[in-house]
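Visitor: I would like to learn how to read a few features of a model. Please take them one at a time.

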Amino acid sequence: MWKSFNNSKSIDVYLFVVTLIACIGVGFVYIQDTQEKYEEQARAHIIGLAESAEVFIPPDLVNQLEGNEKDLSSPAYTYVKDGLTRFSDRNQGVYFAYLYGERGGRLTLLADSGLSDTGKPPPPGRGYVEDSPLIDRVFTTAETVISTDEGHWVSAFVPVMDSQKENVIAVFGVDYPSAYYHQEIQKHVLHAAFAAACVFLLSAALWSMLIKNRTLRSLSTKLQASESIFRTVFEQAPVGIAIARNNRFVSHINPELERILGKPREELTSIPLTEILHPDDIQEDQEQFAEFKEDGTWAKSLIKRFIKPDGSVGWVNIICASLHGHNHNNPSSGPNYICIIEDISERISTEKALRESERSKSVLLANLPGLAYRCLYDRDWTMEFVSEGCYDLTGYPPESLLYNKQLSFNELIAPEYRDVLWREWERILVLRRPFRHEYEIITATGHRKWVLELGQGVYDEKGNVEALEGIIIDITEQKKGQATIKYMGDHDLMTGLYNRRYFEEAKNRLDTEEYLPLSIIIADINGMRLINNAFGHKEGNRVIIETGNLIQSCCGESDVVARTGGSEFSILLPNTNNEQAVTLLRKINNACEVFNKKNISRTYDISLSMGCSTKEKSTENLDEKLKAAEDYMLNSKLLNRKSSHYTLLNSIMATMYERSQETKEHAERIAVLSKMIGKKLNLPENNLDELELFSMLHDIGKVGIDDRILSKPGKLNDEEWAVMKTHPEIGYRIAMSSPEFESVAPYILSHHERWDGKGYPQGLKGKDIPLLSRILAVADAFDAMTEDRVYRKALSKKVAIEKIRTNAGTQFDPEIALIFVELMEENEIPYLQSNGSNGSVSKDHR
């Protein structure tokens, strides 16, 4: 506060000095301006008087003056002389008036207003020296000139022009005493100086009053600020403050004390302190308060427990000091004390936690999965302290390592790590950083364990290493886990082969001179999408695993075999030329053929498309060779695609017929009926071909339905029926897997939709159902009704036709149903007469 006051005072002095200087400066400028103003007025007066007198000097008379003694008898001289004398006499302040002209090439006095020492006029013709430069300038410029710098005189020189006002014929001069010239100026300057002084004194008086008022206001403000600061400190203090007397608080209780004790000030002043403090401490508290009362100057710090409103126990540090004279109005009531109360509950808890921490640390050291140590910085790592965990970690009791009693710790370290560990400690101690290193130790049983050592140097006052301290933790299991993680990071989890990430790393690692020639083989399983769609991804995964095993069995230990895509495998063959790579490619193909022959009962064969390429020179680009191998593989896949797809589809169809007890004849009959309807509808030939293909493949999705559902006699339950209704979607995916059958895939998906929208799987209605699907629905239903079932005999042709007619507009397209009925009534189809003799069962019509 005082610093602020002094700063304010300094500012006031500074402002006063600045104001003083400003007033002086303004006064000086005002005086100077007044002087210049009246000097200008005096000059104008002198010049104006001289110029007005010049007007009365006739140019003709001037021209008659010769500038010698002859002029004394000349009337012109007498006239001019008298005029100059009258001018000098009549104008106050004019001391001397004269007329100069140029005669004989020099300045010559023609006439003046003065008298000689004899009382007679001085003769004309005298030369003039003092102001000759100024007079010459008047002759030259024809301008009036005034001289104020010639000692005691002020002179004005006015040109006398000829009658044509063209040439200067003479110069009229007037001299004034310098005192006369400056008298008026000095009078006004003195007036201005007096006015400036008055203003200055008035300003100083006003400023003095302002400073006094400001000082008073400042002191008042500071007093209020001090009061505010005291109140703020009291209200915001981080400790409780109160005035106490006779074992109770009486006044000046701040908010922090209310917070600490958890009671409002009204309650605190109404109860004795013994009701606030812990009941177990009452006896001790009363004795101490009695001491306070007896010794008014006594002060002491006490740590006390108290009961919070919620019943919990808190801790406070109470500092009590006597307040002399604070209770002089009523001395009989006892002395007053100021109490400063600090909440130390957290500190007590921290100290308790620290003690608990020390106990926990002791337990931790005893149960540490390793050991804690302090050792000397020497080659033996001489141990000064070893925790109990030493035995579990090393198999040696701690005392056997202390001061190298039985063996040194260095002997436990695996030999290949000893020098490495020493050099790392040397480096860390120079940098004064924490030590962290992993290495292996050899236990008492001869087993190796991985350990992690965390430590630091202990330095003396001179910075020398005094000892080393740290912990050594068993990380053997962690290392095993890391090895597992690394294996998982490098290998494909399905096949156990390397993955693409490892393949890319190996490709970069092997792309050096020492591994040339370096060959690459790219292989891809044919028909993988079709297998997944037909038999499910579980079966597809089994094919991938078997293929990976076949390829791995054909490769050497130095070869890198990786699964680099869904059904793609890549092989890196270091130090293998192109001929050897082609031989391996054939070997893999032969292995697939042998495998297929051994597993002849399977629905499909494992078939691979492969390509290879070789980098023989270091200047060649390995990525380009990889691209070439991929291109060869893709070309092979394109060449084999059609045959492999037909082979696979035939296998699927055969499996479907076998599993669902559907017959090829059933599909052929549906094809005949469907084409018969298509021809009646005048469908083009390509649609009739699609109808035939569609009829053969419409139930191909049943290959993905569980055998127990397909072979179940009798009707299906709701759960089984829900599974059975998925076969159109399975069939759709199978057809979409082959470009040759993509065109009929939408028909397969929709062949169980109904005209009224109650079909499956999409619930299509009316003409939203593809036309070919609507045609097959009628033919398939008719053929199913005219076949024998386990749970019923085949219906007659007449009854089946009637059911088609009945369901027209609900299950079937009414137009197609009507066409079919007309065709069946008009034509006798020979194969129908033997229909129903095979005893097949179909589960797709419920």
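Guide: Strand β16 (residues 518–525) pairs with strand β18 (residues 568–573) in the antiparallel sense, over 6 bridges. This is a predicted model, in which local features need pLDDT of at least 70, side-chain atom pairs count only at pLDDT 80 or more, and totals for chains, interfaces and linings use all residues. Residues are numbered from 1 along each chain as its sequence is written, and side-chain values use heavy atoms, with hydrogens and water left out.

Visitor: What is the bridge partner of Ile-520 in β18?

Guide: Two strands pair if DSSP finds at least two bridges between them; strands (E, at least two residues) and helices (H or I, at least four) are DSSP runs numbered from the N terminus. For Ile-520 the partner in β18 is Leu-572.

Visitor: In what order do the 4 strands form the open sheet?

Guide: The order is β17-β18-β16-β19, with antiparallel pairing. The edge strands, β17 (560–563) and β19 (608–615), each pair on one side only.

Visitor: Which strands does helix α14 touch?

Guide: Contact means heavy atoms within 4.5 Å. Helix α14 (residues 500–510) packs on the sheet and touches β16, β17 and β18.

Visitor: Is Asn-687 buried or exposed?

Guide: Buried means under 20% relative accessible area, exposed over 50%, and partly exposed in between (1.4 Å probe, protein chains only). Asn-687 counts as buried because its relative accessible area is 18%. This residue lies in helix α20 (residues 685–697). Its C-alpha atom is separated by 8.2 Å from that of Leu-772, 85 residues apart along the chain.

How values were computed
Axes are lines fitted to C-alpha atoms, for helices over the stretch in contact, and angles run from 0 to 180 degrees between N-to-C directions.
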